[in-house]
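Visitor: Please take a close look at the ligand site of this structure. Which contacts and surroundings can be described there?

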Amino acid sequence: MKDNWVRSTVRDIPLYYNPKTKAVRMDTSVNVLGPNTVVKDVLTRCMGLDLNQYPAPYSDDLRGALAEKYGLAADNFVVGNGSDEALDIAFKSFMEPGETVVAPYPSYVLHGFFVKVNGGRFVNVDLRPGFQLDPDALLKAKGKIIILCTPNNPTANCFDHRDVERVVSEHDGPVIVDEAYGEFAKDSFMSRVEEFDNLIVTRTFSKAYGLAGFRVGYMASNLKMAGVMQRVKIPYSLDRVSEMTAVAALTNTSYVDAAVKLVRSERDRLSDGLRSMGFTPFPSESNFIMFRSPRPSAELVKRLADKGVLIRDFGRLRMLEDCVRTTIGTKELNDLLLGKLKEVTEEW
Ligand SMILES: *Cc1c(COP(=O)(O)O)cnc(C)c1O
């Protein structure tokens, strides 16, 4: 292979984060309650399915269930293999090769990945102090599409609702609001997709619903935009077993409620524990916390991993110097994390 055979927009793409570890995983912000309690029952029911047949190409059962949950129409929704696929579909539908997508920085790394693999240019606009949006700068960058996530990953805070609203109302092009952690926050734009001609909201079953291993996500938009994206999506991308599990999980509200309640009760306790050891936690409206270490974060993460707990290092990123991110665990997990952190700080 010659190097110049590779499409220029994908030449510098690294492999995604993929640690080989036996440590307890507090690095991926998934649900710490274990798999959603519907899984066992659904998998048993799946044994009777004709899995030699294809699933429904557009996951109509799941779109119907989502419509009911949000008071929208099934055709407002596009379902994907994780919300990552939903994001990919949005760029495939609305971005010409060479066009610019604007996003706040620091934010979710995969947003830039999906722009580049679809031949676009990814432009960042720094967040203001407190990790809040800079709507003027985002609008002035004149991209075709603006993408942001709130609560923001990895900083864990929500952006001010009015700032997001201003970006959506004033930008002349699609605006994608990634609400992967929406269930943990008070704020959402989901109910407002019909109000705007340019708003796309994405959500996932990977976090609050405890189904990351099944890969189910979705997005909502006005009927016109959703119709375009539905036609671009790879038909059958969501398998039948995952779709059935997601439909069942939507009605199993007690599991999600328990996850949200756990996060609310443990978040302050974990933050206080971190602060008492000399770390600086940032405010969180999500199921994870970012905090700054007084010593090099790479070493902190390595020493912690050697003691059996993995958290994620963001310390090499500008504005996040020596910052790390941890999932908010159960009481037991958080005690384990705090205990191991204490050992590391005592060794320092
Ligand atoms: C986890 C995450 C996703 C991906 O969700 P999947 O549905 O598992 O693909 C999307 N956006 C953000 C910000 C996330 O943190």
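**The ligand site**

Guide: In this model, an oxygen atom of the ligand lies 2.6 Å from an N or O atom in the side chain of Ser 206. The model is predicted, so that local features need pLDDT of at least 70 and side-chain atom pairs count only at pLDDT 80 or more, while totals for chains, interfaces and linings use all residues. Residues are numbered from 1 along each chain as its sequence is written, and side-chain values use heavy atoms, with hydrogens and water left out.

The side chain of Thr 204 has an N or O atom 2.5 Å from an oxygen atom of the ligand. For Asp 178, a side-chain N or O atom is 2.6 Å from a nitrogen atom of the ligand. On its own the ligand has 390 Å² of accessible area, of which the protein covers 94% (Shrake-Rupley method, 1.4 Å probe).

Thr 204, Ser 206 and Asp 178 belong to a shell of 13 residues, whose closest members also include Ser 83 and Lys 207; a residue is counted as near if one of its heavy atoms lies within 4 Å of the molecule. By class, this shell comprises four nonpolar, five polar and four charged residues. Here Ala, Val, Leu, Ile, Met, Phe, Trp, Tyr, Cys and Pro count as nonpolar, Asp, Glu, Lys and Arg as charged, and the others, Gly among them, as polar.

Notes
Polar contact = N/O pair within 3.5 Å; in protein donor to acceptor, adjacent residues only side chain to side chain.
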